[in-house]
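User: I would like to learn how to read a protein model feature by feature. Can you take me through one?

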Amino acid sequence: MTLMTTAAVVASEEPHPGAAAFVDRVVAEYGLDPEHVQGVLAEARYQQSIIDAITRPAESKPWHEYRKIFITPTRISSGVEFWRANADLLGQVSDRFGVPVEVVVAIVGVETSYGLNTGSYRVIDALATLGFYYPKRGAFFADELGQFLRLAEEEALPLTEVRGSYAGAMGVGQFIPSSYRAYAVDMDETGKRDLWRSLPDAMGSVANYLATHGWRDDEPIALPADLSVDLPEGADFPLKPEHTLAELAEMGVEFDAGELPGDTEATLIELEQADGRDYWVGLNNFYVITRYNRSPLYAMAVTQLAKEIREQRQ
């Protein structure tokens with residue numbers, strides 16, 4: 001007869017690999033009841049479809065395919081109608097946080113089709129699956145699971161019933177738990193931040209997220225550009241601008257800066273079209289949108305959808 005070590009016995013009793021260490025950590029960090037946390041983990045279910053989804057995100061597509069998902073006549077016209085139906089509220093949100101209405105509308109249009117699709121996965125399943133079974137980003141999602149447990153207590157959420165995306169994002173604006181806790185606002189002053197049923201809270205939270213991350217209301221998002229020469233060898237253009245408009249112009253990037261000063265921070269965005277490349281000069285606000293989703297494709301979809309909605313709204 002083979003005797004199991006104590007560690008092996010504990011591991012065999014864990015509902016998920018590494019669950020015991022997770023319980024110890026979140027109990028210490030958030031002051032949660034260990035039996036409660038253990039009960040939640042026991043109810044959380046592994047979902048293979050979540051692993052499948054995160055390994056083939058839309059952001060892995062080339063721009064010309066990604067764009068077709070979000071810049072559509074239906075999504076544009078629905079955005080215009082959403083703006084018209086909520087004009088007073090959206091005006092208040094824009095005035096309070098200094099973010100254009102069309103940008104807030106475009107984000108919820110890309111995220112959830114204006115609240116029509118806020119996700120079908122139980123958040124505990126999504127975060128447990130990714131936190132315990134997706135080593136590539138397991139630490140991140142395990143932390144989000146801990147944040148969700150704390151958030152549920154703070155906002156009196158029905159923890160085992162809340163549904164969201166395959167990545168555990170929630171509500172009309174798709175906030176992950178840490179963002180919900182840090183940036184959600186009680187715009188309607190009910191004493192609770194409800195990102196599903198309270199449109200004021202949901203819209204205010206999107207605008208607050210962008211404002212907190214440095215949105216500049218006096219700057220555009222991006223400028224269309226062309227290249228007149230090959231870029232200098234080794235030139236690097238991270239999403240967070242590390243060059244200026246003047247420096248990009250010196251490199252041979254052609255664009256119309258309007259009245260923007262030459263020392264305005266900027267970067268170069270390259271997008272894959274079916275027959276070549278598109279180039280844009282990304283400014284601070286483009287980078288701010290990528291703080292919502294770290295893909296330049298996402299930021300450009302929001303930028304272009306916002307522009308189309310604004311033009312059709314007028």
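Predicted model: local features only at pLDDT ≥ 70, side-chain atom pairs only at ≥ 80, totals over all residues.

User: What describes a pair of packed helices?

Analyst: Two packed helices are described by the angle between their axes and by the distance between those axes. Here, helix α9 (residues 123-133) packs with helix α10 (residues 138-155) at an angle of about 145 degrees, and the axes are 7 Å apart. The crossing of α9 and α10 is left-handed.

User: Which residues make the contact?

Analyst: From α9, they are Val-123, Ile-124, Leu-127, Ala-128, Leu-130, Gly-131 and Phe-132. From α10, they are Gly-138, Phe-141, Ala-142, Glu-144, Leu-145 and Phe-148. By class, this contact of α9 with α10 has 10 nonpolar, two polar and one charged residues.

User: Where do nonpolar side chains tend to be in soluble globular proteins?

Analyst: In soluble globular proteins, they tend to be buried together. In this model the largest nonpolar core has 87 residues, and those with the most contacts inside it are Phe-22, Phe-148, Met-203 and Leu-210. Helix α15 gives the most to this core, with nine residues. Another core, of 14 residues, lies apart from it and includes Leu-248, Ala-257, Leu-260 and Leu-283.

User: What is Phe-148 in contact with, leaving aside its neighbours within four places in sequence?

Analyst: With those neighbours left aside, Phe-148 contacts Val-123, Ile-124, Leu-127, Leu-157, Leu-159, Val-162, Met-170 and Pro-177. Phe-148 is also one of the α10 residues in the contact with α9.

User: Is α14 enclosed or open to the outside?

Analyst: A residue counts as buried when its relative accessible area is under 20%. Eight of the nine residues of α14 are buried, so the helix is largely enclosed by the rest of the structure. The buried ones are Asn-284, Asn-285, Phe-286, Tyr-287, Val-288, Ile-289, Thr-290 and Tyr-292. They pack against α8 (101-112), α12, β3, β6 (265-273), β7 (276-282) and α15.

User: Why does Glu-219 count as buried?

Analyst: Glu-219 counts as buried because its relative accessibility is 16%, below the cut-off of 20%. Glu-219 sits in the loop between α12 (199-212) and β3 (222-227). Its side chain makes a polar contact of 3.2 Å with the side chain of Arg-216. Not counting residues up to four places away in sequence, Glu-219 touches Leu-260, Thr-264, Leu-283, Asn-284 and Asn-285. Of these, Leu-260 and Leu-283 are among the residues of the 14-residue core, and Asn-284 and Asn-285 are buried residues of α14.

User: Where is Ser-295 found, and is it buried or exposed?

Analyst: Ser-295 lies in the loop between α14 (284-292) and α15 (296-313). With a relative accessible area of 9%, Ser-295 is buried. A polar atom of its side chain lies 3.0 Å from the backbone nitrogen of Leu-297. Ser-295 also touches Glu-59 and Thr-290, not counting residues up to four places away in sequence.

User: Is Glu-250 buried or exposed?

Analyst: Glu-250, in helix α13 (residues 245-250), counts as exposed because its relative accessibility is 70%. From C-alpha to C-alpha, Glu-250 and Gln-147 are 46 Å apart in space, and they are 103 residues apart in sequence.

How values were computed
Residues numbered from 1 in each chain as written. Heavy atoms only, no water. Helix = DSSP H or I, 4+ residues; strand = E, 2+ residues; numbered from the N terminus. Buried < 20%, exposed > 50% of the residue type's maximum accessible area, 1.4 Å probe, protein only. Polar contact = N/O pair within 3.5 Å; in protein donor to acceptor, adjacent residues only side chain to side chain. Contact = heavy atoms within 4.5 Å. Axes fitted to C-alpha atoms, helices over the stretch in contact; angles between N-to-C directions. Left-handed = near helix turned anticlockwise from the far one by under 90°. Nonpolar A, V, L, I, M, F, W, Y, C, P; charged D, E, K, R; others polar. Core = buried A, V, L, I, M, F, W, Y, C linked by side-chain atoms within 4.5 Å.
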